[in-house]
Amino acid sequence: MKELIEEGIDGDRTDLLIKAAVRAASYGHLHVLRWIVDDLGVDPFLRTALSASFSGHLEILQWIYTGDPGGFIENSNEIFEEASGHLHILQWILTLPGINITNATKNKSFKLAAFDGHLDTLRWLLTQGAEAS
């Protein structure tokens, strides 16, 4: 990736880097995401957070939160919903200060976890106020 950018790829550099960042977050490649954000100055915060959440990469979410806790809190319901199949991420999100996950988000997460067969997540969401309707 770095070589392609240095050689001058045709097209929008920022768009290319955003796509690379989202892919890195999806596959758990924190070192690549850090390079794109820290060294190249491109920060597709929400897209990478959603991708990491959906794919179950807690380490990446923790790094994103450290860099922008306010943005994370502001988008926490959407990030929570994307993590519906990853109990460890849902539990971590609820430990963060200032987080307020709505009942509607918990209910939607419950339905998504049910679709994917995540029994432990379903049981836990019920203890957190989700309704099995």
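This tour moves through a predicted model, from a group of aromatic side chains to a serine in a helix.

Begin by selecting Tyr 65, Phe 72 and Trp 92, which form one aromatic cluster. The structure has three aromatic pairs by the rule applied here. A pair of aromatic rings is described by the distance of the centres and the angle of the planes.

Keep Tyr 65 and Trp 92 in view. Their ring centres are 6.0 Å apart and their planes stand at 90°, so this pair is edge-to-face; an angle over 60 degrees is what that term requires. Next, display the helices around the two residues. Tyr 65 belongs to helix α5 (residues 58-67) and Trp 92 to helix α8 (residues 87-95), so the pair ties together parts that are 27 residues apart in sequence. Tyr 65 is buried, with a relative accessible area of 15%. Trp 92 is buried as well, at 14%.

Phe 72 sits in helix α6 (residues 69-74) and Trp 92 in helix α8, and the pair links distant parts of the chain, 20 residues apart. Both Phe 72 and Trp 92 are buried.

Is Ser 109 buried or exposed? Its relative accessibility is 0%, so Ser 109 counts as buried.

Notes. Residues numbered from 1 in each chain as written. Predicted model: local features only at pLDDT ≥ 70, side-chain atom pairs only at ≥ 80, totals over all residues. Heavy atoms only, no water. Phe/Tyr/Trp six-rings, centres within 6.5 Å; stacked < 30°, edge-to-face > 60°. Helix = DSSP H or I, 4+ residues; strand = E, 2+ residues; numbered from the N terminus. Buried < 20%, exposed > 50% of the residue type's maximum accessible area, 1.4 Å probe, protein only.
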